[in-house]
Amino acid sequence: MSASPANPAQELPAEGAELLEVRNIAKRFGAVDVLKNISLNIASGEFLTLLGESGSGKTTLLRLIAGFEQPSSGEIWMGGARLDVLPPYKRRVNTVFQNYALFPHLSARDNVAYGLRVKNTPGREINGRVEEALRMVKMLDFAANRPSKLSGGQQQRIALARALVNRPQLLLLDEPLSALDANLRKQMQSELKSLQREIGITFLFVTHDQEEAMALSDRIALLRDGALEQVASPREIYAHPATAYTAQFIGQTNLLRGEIRGSIATCGALRWPLEGTDGPAMFSLRPEAIRICTDGKRQTNEVKFRATVRQQFYGGSSELLEVDCGNGQTLRVRVPARGPLTGEHDFVFSMAEAIRVQE
Amino acid sequence: MSANSTSRRAPLLALYAVFVFAFIYSPIVVLVLYSFNRDGVGGFPPRHFTLNWYTQLFADSSIWDSVLNSLMVAAGSVALSLTLGLLAALALDRADFPGKALFRRLVLLPLILPGIITGLSLLMFAVFAGVQLRLLTVFWGHGTALISVATTELFAGLQKLDRAQEEASLDLGATPWQTFWRITLPNLKLSLIAAALLIFTLSMDEIAVTFFLIGRDNTLPLEIWARLRLGITPEINAISTLIFAVSVALIVIWYRLRARSLGDRSQEFLEQLGETS
């Protein structure tokens, strides 16, 4: 979608420039702190995901940006101007709602045209842009249908077209794929991602599905109980979780509780040299960071331990082992599929893979 | 399924139901039959079919004047009570203000207030204000008394409305005013029609309030009542039969609309029930 030269206000900021700034936002409902002092920047053209469990405040933050709720304190800025003081209909922000919220008394085409009509766009321009938006989501053939005559996936596409036709600077998506079945969801994820690349609109996407967040996002903002736990790219947040919560929420992990004393980290049967002040420490060790050591030798930067295989879960290309290092210390190990495994084995992992995390 | 087992278990219940319905409806059946009886209200059982009473009725201009009066009052009451009722329902549904509970009770009070009280108080007010009694006062009485009916119906409609649609409208750049006209009202259409039909019917056969506020012109129920004092005539049976037919038609339409406006949601509700059980 190219910006219309007739309306220079619609020019998008340069890729990568800061588009939205959330400054110290707090939101209270009665006695409940739903959001606590949130600060977050979103760059133009970015695909940022707000990830969190239900009740973590992610939808509230989205509604604050859309203008359906007022912050208890803090400010929201977009493109150098205060956003939180504007009513929803004056914000250059559009939303794809969780249950789509399509207008049941209007056809798919009229749903898409709605935003342009209420802004008194000339009829010819409306037709062209609606056509373009419907083509973009591959819904031209269903344009005459009422929403009740469309499948969930088709309604989803119309909801997307209805928002995008307004050429928002920022598109908010509130768990838009949660109502779809697994296969359709995967397909829509891929279409959403390529659509976002194609049109270059900034996406702020809300989901509770960490896999979805990992697959789609440029960056993930993980919310926990109304506070930001970590904001980073999917690779960074997976490889270097800052907290035990992040490590467990995103992917599988082994949380090792132990201590550092005299530059040695000790977690049960596992010991390795580590610089750090003495005291208790916690580490996240991904199951796939551990491998079976067949020749009994370890590299200098590796930690070796002996453990008994207790359980084996076959997963096609890989299998997950539950191994016992003695004293009831259990670790999960992901290895390439290799057939049934029992008894004692040597395992190794790289010291650098044991990521120190906050409680 | 459950209906089957009930009827099998309680044959007496079916018999009892027949008696109750006979008790309620046989007077109406008699009324309708006698409107076609050549021998008028005397002579049972009716022996000779005739349409004479209807011919007489159609030639009776004072009856038709009263019908016209009733129609005007009813149409006006629908307009007045729907407008004010919609505003009250919107306030009850959306606004938060001190004294809201009291406001709700005051708006809904006329529903349970006896017509005599409403009529008498409006009459006293009219006398106090020096307003001459005529059709306009009747319209005013019906309209205000029926606001509560409109409010209840429209409030129920608003409660069923998906608020996310209004948010979506605002989100797409529509002002609250545009949203009201383009999204809220169209979604409320069935509730509005249902309320209008109900109010129209209630106004058409209202007597108590009308009796206090009427001037020289009679409404249809009052015209019938006035004639009854001179004895029951077959002509009255004929007009009553017509009123009955129109009322049944309106009620059927109202019921259908209501079922349709509830349709989508009750379907969803049933599906949810199916999933949980």
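Is B:Ser81 buried or exposed? The tour of this predicted model begins at that residue.

**Before selecting anything**

Residues are numbered from 1 along each chain as its sequence is written, while chains are lettered from A and ligands numbered from 1 in the order in which they are written. In this predicted model, local features need pLDDT of at least 70, side-chain atom pairs count only at pLDDT 80 or more, and totals for chains, interfaces and linings use all residues; side-chain values use heavy atoms, with hydrogens and water left out.

**Stop 1: B:Ser81**

Select B:Ser81, which lies in helix H4 (residues 61-94) of chain B. Helices here are DSSP runs of H or I with at least four residues, strands are runs of E with at least two, and both are numbered from the N terminus. B:Ser81 counts as buried because its relative accessibility is 0%. The term buried means under 20% relative accessible area, exposed means over 50%, and partly exposed lies in between (1.4 Å probe, protein chains only). Display the side chain of B:Ser81: it reaches the backbone oxygen of B:Ser77 at 2.6 Å. Beyond its neighbours within four places in sequence, B:Ser81 is in contact with B:Leu86, B:Gly143, B:Leu146, B:Ile147, B:Ala150 and B:Ile199, contact meaning heavy atoms within 4.5 Å.

**Stop 2: helix H10 of chain B**

The buried residues of H10(B) include B:Leu190, B:Leu192, B:Leu197, B:Ile199 and B:Met204.

**Stop 3: the interface of chains A and B**

Show both chains next. In this interface, 22 residues of chain A are in contact with 18 residues of chain B. The two chains bury about 1700 Å² between them, with 60% of it on carbon and sulfur atoms; buried area is the accessible area (1.4 Å probe) that two parts lose on being put together, summed over both. Select A:Tyr89, A:Tyr114 and A:Val118, which supply 35% of the area that chain A buries against chain B, more than any other three residues.

There is one salt bridge between the chains, a salt bridge being a side-chain nitrogen of Lys or Arg within 4 Å of a carboxyl oxygen of Asp or Glu. To see it, select B:Glu167 and A:Arg63, whose side chains meet at 2.6 Å, N to O. On the side of chain A that touches chain B, H2(A) gives the largest share, four residues.

**Stop 4: helix H2 of chain A**

Select H2(A), where eight of the eleven residues are buried. Among them are A:Asn111, A:Tyr114, A:Leu116 and A:Val118. The cover over the buried residues includes helix H3 (123-136) and H4 of chain A, together with helix H8 (163-171) and helix H9 (176-187) of chain B. After H2(A) comes A:Asn120, with a positive phi near 55 degrees.

**Stop 5: the two domains of chain A**

Finally, colour chain A by domain: domain 1 (8-243) and domain 2 (252-356), with bounds from an automatic or database domain assignment. Their centres, taken over C-alpha atoms, are 40 Å apart. Five residues of domain 1 are in contact with five residues of domain 2, and the area buried between these domains is about 410 Å². Select A:Tyr238, A:His240 and A:Pro241, which supply 84% of the area that domain 1 buries against domain 2, more than any other three residues. The count of salt bridges between these two domains is zero.

Notes:
A polar contact is a pair of N or O atoms within 3.5 Å; within protein, one must be able to donate a hydrogen and the other to accept it, and residues adjacent in sequence count only if both atoms are side-chain atoms.
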